[in-house]
Amino acid sequence: MHFTDQEYFEVIEKNETVKEAYEKIKQICIDLQKQTNCPEEDLKDFLEFISRQWN
């Protein structure tokens, strides 16, 4: 099932657990990009790689 950005934001706002996870992941990605100076595309690829590890 695919969600729109708006649907994701609605869930983030309504569910504290999801909101906390979103904020943590977002901050980790910001910190990683600052520390490694990697392009956004590399960070996106890394997140996709991670997501495949639990499937």
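**Figure 1. Salt bridges of the predicted model.** Four salt bridges are present in the structure, a salt bridge being a side-chain nitrogen of Lys or Arg within 4 Å of a carboxyl oxygen of Asp or Glu. The model is predicted, so local features need pLDDT of at least 70 and side-chain atom pairs count only at pLDDT 80 or more, whereas totals for chains, interfaces and linings use all residues. Residues are numbered from 1 along each chain as its sequence is written, and side-chain values use heavy atoms, with hydrogens and water left out.

**Figure 2. Glu-20 and Lys-24 in helix H2.** A salt bridge joins Glu-20 to Lys-24, with 3.0 Å between the closest N and O atoms. The two residues are four apart in helix H2, which means a separation of about one helical turn. Helices here are DSSP runs of H or I with at least four residues, strands are runs of E with at least two, and both are numbered from the N terminus. Glu-20 is partly exposed at 41% relative accessibility, and Lys-24 is partly exposed at 48%. Buried stands for under 20% relative accessible area, exposed for over 50%, and partly exposed for values in between (1.4 Å probe, protein chains only).

**Figure 3. Lys-26 and Glu-23 in helix H2.** Lys-26 pairs with Glu-23 in a salt bridge whose closest N and O atoms are 3.9 Å apart. Both residues belong to helix H2 and sit three residues apart, about one turn of the helix. Lys-26 has a relative accessible area of 37% and is partly exposed; Glu-23, at 37%, also counts as partly exposed.

**Figure 4. Lys-44 and Glu-48 in helix H3.** In the salt bridge between Lys-44 and Glu-48, the closest N and O atoms lie 3.5 Å apart. Helix H3 holds both residues, four residues apart, about one turn of the helix. Lys-44 is partly exposed at 44% relative accessible area, and Glu-48 is partly exposed at 35%.

**Figure 5. The largest pocket.** The space in the largest pocket is about 560 Å³. On a 1 Å grid over the protein atoms alone, a pocket is an open set of points where a 1.4 Å probe fits, with protein on both sides within 12 Å along at least five of seven lines; lining residues have an atom within 4 Å of a point. Grid points are joined across faces, edges and corners, and the volume is the space filled by probe spheres set on the points. The lining has 15 residues, and Tyr-8, Ile-12, Tyr-22, Ile-25 and Leu-47 lie nearest the centre of the pocket. At least two lining residues come from each of helix H1 (5–14), helix H2 (16–36) and helix H3 (40–53). Eleven residues of the lining are nonpolar, one is polar and three are charged. Ala, Val, Leu, Ile, Met, Phe, Trp, Tyr, Cys and Pro count as nonpolar, Asp, Glu, Lys and Arg as charged, and the others, Gly among them, as polar.

**Figure 6. Asn-37 in the loop between H2 and H3.** Asn-37 lies in the loop that joins H2 and H3. The phi of Asn-37 is positive, near 60°, in a residue other than glycine. Most residues other than glycine have a negative phi. Asn-37 is exposed, with a relative accessible area of 69%.
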